[in-house]
Amino acid sequence: MSAFSADDHRHMGRALVLAAEGLYSADPNPRVGCVLVRDGTVVGEGFHARAGEPHAEVNALAAAGGRARGATAYVTLEPCSHHGRTPPCADALITAGVARVIYASADPNPKVDGGGAARLRAAGVNADGGCLEGAAVALNAGFFSRMRRGRPLVRVKLGASLDGRTALADGTSRWLTGEAARADVQRLRARSSAILTGAATVRRDDPRLTVRDPAIELRGRIPLRVVLDPDLGLPPAARIFREPGPVLLITGSEDAARRAALVARGAEILCLPGATARDLGAVLTELARREINEVLVEAGARLAGAFVAARLVDELVLYLAPHMLGHDAVPLAMLPMLADLGDRWQFRYADVRQVGEDLRLTVIPRGLEGG
């Protein structure tokens with residue numbers, strides 16, 4: 001690996017800014033940016049906006065035209081070397097005559113994973129990786145999770161009072177947090193491949209689970225809404241079916257009448273064996289098979305607690321409202337009783353900030369990514 005200069009870091013930093021332009025729309029592909037520099041001057045820039053459309057390198061090459069010959073390409077992910085939805089970017093860079101490619105991270109996709117760099121080097125292009133690698137991996141944590149672990153990144157979102165309660169004893173929770181926090185959740189939804197909840201939450205709160213902020217550029221992509229409904233008891237009149245976009249119900253029930261009623265409302269129903277339908281690991285494996293990179297869990301205390309107890313949470317985002325609801329209110333998460341303090345679920349703070357009148361805590365499990 002080469003030592004990278006200050007200019008290399010600066011141009012890769014710009015490529016990462018471009019990659020973030022696809023934060024809400026590139027899914028299920030990774031978010032990638034590219035900057036072409038010749039004789040110290042930027043001659044082309046591009047990012048990947050949407051699956052099936054040109055990749056970042058191709059967009060940057062189109063912007064540069066003939067000026068790409070002899071240039072250095074800064075790419076946030078190793079250029080692909082296989083035919084997917086689009087042709088290989090490594091070939092496009094070779095054909096354009098770039099002299100050097102600096103990439104932030106190797107592509108974890110087994111179809112690439114070093115193959116793109118090898119292809120470039122075989123064609124006489126100097127290819128070096130590792131420049132600002134950590135930032136590039138963080139931008140595509142869900143994609144890396146799916147490729148390396150065979151499951152999506154799981155982000156659990158919860159809103160709670162200062163005393164760790166999420167609703168009154170009768171289930172009332174609207175509105176626990178403020179308007180700014182709710183707007184922030186819209187951005188969490190928008191970046192997610194899927195938004196997952198349980199049938200009990202749908203019956204109680206009748207949520208839409210949609211992205212409704214017009215300022216967010218989804219570029220036509222709508223996150224999949226997933227409802228875990230083991231007994232297929234979801235009411236066909238639920239609001240989730242009246243909103244545009246796909247709805248997937250995962251169930252263990254084979255009740256033909258209930259299935260027909262829900263399919264008529266536009267739902268896709270995936271029937272897993274009874275026990276498997278309640279196995280969150282099996283659910284995540286299925287979602288990965290469907291190219292889901294990031295899952296946002298918006299559920300009640302029981303399902304949220306099940307994800308925590310199964311140690312399947314990669315990131316917990318907690319919005320704390322500046323009030324208290326009392327000890328009889330619904331807890332943050334329902335977890336098994338522990339006999340030993342050493343068995344507790346431990347997290348570390350990754351980010352703490354105020355959002356409107358509320359406090360947003362982002363925590364990750366200790367032991368995950370060096371935590």
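Buried here means under 20% relative accessible area, exposed means over 50%, and partly exposed lies in between (1.4 Å probe, protein chains only). Helices (H or I, at least four residues) and strands (E, at least two) are DSSP runs, numbered from the N terminus. The model is predicted: local features need pLDDT of at least 70, side-chain atom pairs count only at pLDDT 80 or more, and totals for chains, interfaces and linings use all residues. Residues are numbered from 1 along each chain as its sequence is written, and side-chain values use heavy atoms, with hydrogens and water left out.

**Stop 1: strand S8**

Select residues 194-198. Strand S8 is largely enclosed by the rest of the structure, because five of its five residues are buried.

Click on Ala194 to see a partner in each: Leu224 in S9 and Val295 in S12.

Show helix H8 (residues 199-205) as well, and S8, H8 and S9 form a right-handed β-α-β unit. Right-handed means that, with the strands pointing away from the viewer, the path from the first strand over the helix to the second runs clockwise.

**Stop 2: the nonpolar cores**

A nonpolar core is a set of buried Ala, Val, Leu, Ile, Met, Phe, Trp, Tyr and Cys residues joined through side-chain atoms within 4.5 Å. Which residues have the most contacts inside the largest core? Select Leu196, Val226, Leu287 and Phe307, in a core of 34 residues. Around Leu287, contact (heavy atoms within 4.5 Å) is made with Pro152, Leu196, Val226, Leu248, Ile292 and Val295, leaving aside neighbours within four places in sequence. Another core lies apart from this one, with 24 residues that include Val43, Ala56, Ala68 and Ala90.

Phe307 also belongs to helix H12 (residues 301-309), where the buried residues are Ala301, Leu303, Ala304, Gly305, Phe307 and Val308. Just past H12, check Arg311, which has a positive phi of about 55°.

**Stop 3: Ser145**

Go to helix H6 (residues 141-149), which holds Ser145. Is Ser145 buried or exposed? Ser145 is buried, at a relative accessible area of 5%. Draw a distance from the Ser145 side chain: one of its polar atoms is 2.6 Å from the backbone oxygen of Arg151.

**Stop 4: the cysteines**

Select Cys34 and Cys89. A disulfide is a pair of cysteine sulfur atoms within 2.5 Å, and the count comes to zero. The sulfur of Cys34 has its closest cysteine sulfur in Cys89, 8.6 Å away, too far for a bond. Cys34 is buried at 0% relative accessibility, whereas Cys271 is partly exposed at 27%.

**Stop 5: loops with backbone features**

- Pro28, in the loop between helix H1 (6-19) and strand S1 (33-38): the peptide bond from Asp27 is cis, with omega near 10°.
- Asp113, in the loop between strand S4 (100-105) and helix H4 (115-122): phi is positive, about 30°, although Asp113 is not a glycine.
- Leu132, in the loop between strand S5 (126-129) and helix H5 (133-139): phi is positive, about 55°, and the residue is partly exposed at 28%.

Finish at Ala237, in the loop between S9 and strand S10 (247-251), which is exposed at 56% relative accessible area.

How values were computed: A polar contact is a pair of N or O atoms within 3.5 Å; within protein, one must be able to donate a hydrogen and the other to accept it, and residues adjacent in sequence count only if both atoms are side-chain atoms. Two strands pair if DSSP finds at least two bridges between them.
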